[in-house]
Amino acid sequence: MASHSDTLVVFFGATAGANGGKLGSDEREIILLVWQIVDLHEKKVGKLHRCVVKPDVLELTDQCTEETGLTVDDLAEAEPLDKVLQQFQQSVSSEVKGLGRSSFTLCVDSPHVIRQALHPEASKKNLVLPECFFSFVDVKKEFHKCCPDASALQKCTLASMLEHVGLPAVSEESTGEMEVSSMVQLTLHILAEPYNHKFTCVETVKYKFDSGTCNKMEPVDSETVIRARGLPWQSSDQDIARFFKGLSIAKGGVALCLNAQGRRNGEALVRFINSEHRDLALERHKHHMGSRYIEVYKATGEEFLKIAGGTSNEVAQFLSKENQVIIRMRGLPFTATPQDVLSFLGPESPVTDDAEGLLFVKYPDGRPTGDAFVLFSCEEYAQNALKRHKQILGKRYIELFRSTAAEVQQVLNRYMSAPLISTLPPSPIMPVPVLASPPYLPAASSSRDCVRLRGLPYTAGIEDILEFMGEHTVDIKPHGVHMVLNQQGRPSGDAFIQMKSPDKSFMVAQKCHKKTMKDRYVEVFQCSTEEMSIVLMGGTLNRSGLSPPPCKLPCLSPPTAYAAFPTPPSMLSEAALYQPPLLAAPRSHQTVAHGPAHALAYYPPQPHMYMNMNMNYTAYYPSPPVSPSTVGYFAAPPGSVAAAVAAQSHPAAGTASSVLPQHGALVRMQGLPYNTGVKDILSFFQGYQLQPDAVLILYNFSGQCSGEALITFHSEEIARRAVAERSTHPFYGQQVHMVLCN
């Protein structure tokens, strides 16, 4: 520490690119180090040292060549950074010892050389820095303590500080030597009368990131938070801390963001100890993590708390152990026990406190989600556990990857939150038919009269798209611009446009492909109305082909602007409404006065429910952007779909019976293998006279089998007998759980 040090080492560095206040902002390597020792007791000065450093990339910007006077040939003959740092350590230690002193502290004219250049470069090159580079004093801050009447700290320069205390400017022409000599003169001046200054304001660089928890009630200053975007999905909090090496992240200040499926979306919110470190972090915008560049933006404390904050006592107790490595396990069998997990990890990966170091993630009703978090006391044990990635437990492969305390909170918050639909007030909107196509969605067609825009700037609006289309705007159909938002309600960078004919869409794709919009080139592809509709309803369209939405039957509610279109109510059976993979608990029953007692009417929830479903959010041109008030999916057996279509075609028949007329009792199966088909379930219940349309396999948000199914039996008596007789039988070698739905 400087307050106890005998000497200061005045230190300066320059990079092959930007220097001064922008030092380190362009990721260029260090090419020059200059230093000189100042004896604080005797007020004496040591020898001035200047070392050129050889970078890995022998390139210099014109500005750097002009400022430093160095050439590529000078760099080629120099030593690399690790050798120069060894020379620095040996030279300074020897000189300090020769003066009869025992310790020293670095003194710089700004934190950039330490925080933004030296530590990030050493981290990328896996260099171990000497301990002296983890603490320093800033001569500008020390000067302001002596001369508070001087100009603002941000506007201070070495020349202005020398002028303020009446010292002449240093005449050395060489970059580095001039700065060091100026700092030495200034240091000696404030050490003497009348200032008699003591260097006590020591800044430190953290050796490692401290994980921890954040309470939702904890105040978080918005001036300390950033959002990092473009992270590799496997990044951990330690990887992010390494990207921001040299800056001090608050304890537990890294929160990895998850998408609607609970997977990382490549974003993280990072909280720093103060606004100064946050501002330095913003200068690392588009710096690289491996081969990927990372975007860095300002964020708010509210956003950070939404992701990282939590109040669960169970989570707080689980994370109360300090210095633990957290591993997330995904894809566990629903019947997995703590002992199963411990046996899977093996003796080479002992879990902290055995079963106490396991946290199983469950739904509010106690059902397992297949996720768990595991604590390990050291990095070695965690590495051994990660070697089990994609190995088999039971009949399922298990994914293992590094996690964070914030991710634990976020996953628990997501799964343990109350069911969304049950918390919403009832809506007065008229119920709509399940199979009706609202007037604002295009009718599916194979005609290739649409274009897809991919790679739009996230700030782009409909007006920007119209400007981008130029002369082709007149060929857009009314209400033909569809902007796609992601699950978080943010622009996805995609849009679909309906043209008046396939020829028009072909011309747009030819002339607008890879045109620039706000410094980004935009890809334009011709596509069909059918392909567009499937994507707008939650499917995907990529190089691998077209993937349908995760559930088969869309249930769409138009915005209030379309409420004038009269539509008869649609009656849904309990099987169609009950959707465990999407909701934490069954939705409450809502009966209709004029309908049969056994049927339920679907009333759309309030507009803010929309973003919690799996459908893409769309805006429409040329009227002010509007969107469906809510969109969801309800899976239905093929027989039910056929019945619904028949009821739509023959209104008279529809009034006589429900759209989903199946009677009987419902049995729910859990823990099914993911490759289970209808035939497998029919074979399992052979002898109970089931038809294929009595089996409903449930799917999750990703369109995969959720491991659950609903089976309709002819009567409650048969259903109870099936549960009693088949519960003890394994389903293709795997134990399944069956329950009768009342």
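Which residues in H5 meet which residues in H7? In this predicted model, Val139, Phe143 and Cys146 are the residues that H5 brings to the contact, and their partners in H7 are Met183, Leu186, Thr187 and Ile190. Sorted by class, the contact of H5 with H7 holds six nonpolar residues and one polar residue, with no charged residues.

The geometry of this helix pair can be set out next. Two packed helices are described by the angle between their axes together with the distance between those axes. Helix H5 spans residues 139–146 and helix H7 spans residues 177–191. Their packing angle is about 30 degrees, and the axes lie 11 Å apart. Angles under 35 degrees count as roughly parallel, so H5 and H7 are roughly parallel to each other. The crossing of H5 and H7 is left-handed.

The secondary structure amounts to 22 helices and 35 strands. The protein has 742 residues, of which 53% count as buried. Among contacts with a separation of 6 or more, 72% come from residues 24 or more positions apart.

Is His472 buried or exposed? Its relative accessibility is 8%, and because buried means under 20%, His472 counts as buried. Leaving aside residues up to four places away in sequence, His472 touches Met499, Met507, Val508, Lys511 and Cys512.

The other loop residue is Glu348, found between helix H12 (338–345) and strand E17 (358–362). Glu348 has a relative accessible area of 38% and is therefore partly exposed, a class that lies between the 20% limit for buried and the 50% limit for exposed. With residues up to four places away in sequence again left out, Glu348 touches Tyr381 and Asn384. How far apart are Glu348 and Ala382 in space? Although 34 residues separate Glu348 and Ala382 in sequence, the C-alpha to C-alpha distance between them is 9.6 Å.

Note on methods: Residues are numbered from 1 along each chain as its sequence is written. This is a predicted model: local features need pLDDT of at least 70, side-chain atom pairs count only at pLDDT 80 or more; totals for chains, interfaces and linings use all residues. Side-chain values use heavy atoms; hydrogens and water are left out. Axes are lines fitted to C-alpha atoms, for helices over the stretch in contact, and angles run from 0 to 180 degrees between N-to-C directions. Helices (H or I, at least four residues) and strands (E, at least two) are DSSP runs, numbered from the N terminus. Angles under 35 degrees count as roughly parallel, over 145 as roughly antiparallel, 65 to 115 as roughly perpendicular and the rest as oblique. A crossing is left-handed if the near helix is turned anticlockwise from the far one by less than a right angle, and right-handed if clockwise. Contact means heavy atoms within 4.5 Å. Ala, Val, Leu, Ile, Met, Phe, Trp, Tyr, Cys and Pro count as nonpolar, Asp, Glu, Lys and Arg as charged, and the others, Gly among them, as polar. Buried means under 20% relative accessible area, exposed over 50%, partly exposed in between (1.4 Å probe, protein chains only).
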